[in-house]
Amino acid sequence: MEVTTNAKTLFALGLNHKTAPVEVREKLFIGESEIPQLLNGFKGALSECVILSTCNRTEVYGVSDNPHVDLEFFKNQLIDFKGSRGLIRDEHFFSLISCSACQQLFNVATSIDSMVVGDSQILGQLRAAYLIAMKNGSTGKVLNQLFQRTLKIGKKTFTETSIHHGAVSISLAAVELAIETFGSLRGRSVMIIGAGETARLTAEALINKGVEKIIITNRTREHAEELLSSMQKGSLIESEVVDFANFEHHLADVDVVISSTGSARPLLYKKHFASRKTKILLIDIAVPRDIDAGVGEINNVVLRNIDDLHSIIDGNQGRRMRDLPKVKKLIMTEMVDFLTWYYTLPLMPAYEKTKTKPAPEQTKEIMAIKAFLGNNVSEIHKLAARASGNFNEDLASHFSLIQKLQTMKAASFAGSVV
């Protein structure tokens with residue numbers, strides 16, 4: 001396969017929630033401290049690389065100067081790095097070339113590839129992955145351009161669409177309900193009953209919304225202390241743990257109670273709120289319920305359960321999905337811009353690199369090539385449209401497009417003074 005030496009092959013490889021179950025994904029999770037070592041392991045085979053690893057995905061975005069991309073090598077590198085041979089199979093991986101790789105990254109950044117559309121964490125995770133790769137010297141012309149556009153389009157979905165609006169989880173819905181009830185959480189105190197994952201996520205969301213104080217109680221005090229310690233690492237919020245045996249004595253001191261234990265019977269009854277003089281919001285996330293339904297009959301008590309929270313999430317999901325076509329249009333527009341730039345690279349003349357500006361004739365030729373590709377951008381659309389999902393076929397189509405563009409460029413410029 002004869003291709004200009006300027007050709008750089010962009011590809012994506014990895015696994016995510018669409019291709020592998022959680023018990024497989026967790027085996028290939030790569031912590032931030034591990035990523036530089038793996039990036040260094042790829043340096044001999046790739047000119048550029050960014051590794052994104054979260055609970056839902058481990059994805060490698062690479063650029064190869066070699067026209068022959070050996071997928072098995074990269075898969076084996078990932079598997080052996082995590083000591084997961086025999087646990088991860090070939091069908092757990094996806095592999096994408098050029099247009100499809102670009103689209104995958106944009107889909108991730110805008111959260112439309114997330115388990116829950118509207119996930120607000122993924123853009124920060126992408127930014128962190130890019131910064132790690134940059135600091136490691138693993139990015140270059142292609143990935144710098146691609147990730148700058150990726151972060152731009154991710155931010156654009158926040159400002160120009162409603163796809164991230166509203167709660168996307170039980171924890172976030174509970175906090176959204178508290179804000180709706182009181183208008184703001186500034187100056188408010190919250191009691192969290194339970195210390196599991198839901199309690200942790202709820203505490204993080206409360207801190208982000210400016211709650212004044214969090215009281216934690218749990219049947220196993222050690223778990224409550226662990227949750228308190230993790231909260232205090234990143235926040236100066238006032239917080240304390242109270243004994244589970246007498247946590248009800250602290251109910252008068254809080255505005256919101258969020259309960260998520262595994263108790264077989266209710267923990268709170270009417271008697272605990274009979275003398276309540278000010279409004280209190282009780283959010284019962286537990287199944288079976290932690291708060292007796294009769295509590296909701298008391299004045300100044302607002303009781304909500306997990307079904308109420310699911311209704312909030314479902315309503316938000318409907319509003320977010322209405323903007324999905326708008327997000328996809330943003331992605332397509334950004335893809336065309338990036339790919340038009342990307343496919344100018346193998347068409348560019350091989351000029352000697354200097355720290356000075358290009359000569360006028362060089363600048364003229366570069367502008368002519370960009371104009372040529374802009375006039376023939378339909379060829380890139382055709383490539384994207386006929387992507388088969390077969391890595392080797394799409395790789396061959398990628399290089400066929402480069403060769404076709406080179407031929408078209410030569411014919412277009414023949415006899416003209418560039």
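Biologist: Which residues touch the most other members of the largest nonpolar core?

Modeller: Phe42, Ile51, Phe338, Tyr342 and Tyr343, in a core of 80 residues. A nonpolar core is a set of buried Ala, Val, Leu, Ile, Met, Phe, Trp, Tyr and Cys residues joined through side-chain atoms within 4.5 Å. Helix H11 (residues 324-342) gives the most to this core, nine residues. The model is predicted: local features need pLDDT of at least 70, side-chain atom pairs count only at pLDDT 80 or more, and totals for chains, interfaces and linings use all residues. Residues are numbered from 1 along each chain as its sequence is written, and side-chain values use heavy atoms, with hydrogens and water left out.

Biologist: Why is Ser95 called buried?

Modeller: Its relative accessibility is 18%. Buried means under 20% relative accessible area, exposed over 50%, partly exposed in between (1.4 Å probe, protein chains only). So Ser95 counts as buried.

Biologist: What makes the pair of Phe244 and Phe247 tilted?

Modeller: The ring centres are 5.3 Å apart and the planes stand at 40°. Rings of Phe, Tyr and Trp (its six-membered ring) pair if their centres lie within 6.5 Å; planes under 30 degrees apart count as stacked, over 60 as edge-to-face and the rest as tilted. Therefore this pair is tilted.

Biologist: How do you know that Phe11 and Phe74 tie together parts that are apart in sequence?

Modeller: Phe11 lies in strand S1 (residues 9-16) and Phe74 in helix H3 (residues 71-81), so the parts are 63 residues apart. Helices (H or I, at least four residues) and strands (E, at least two) are DSSP runs, numbered from the N terminus.
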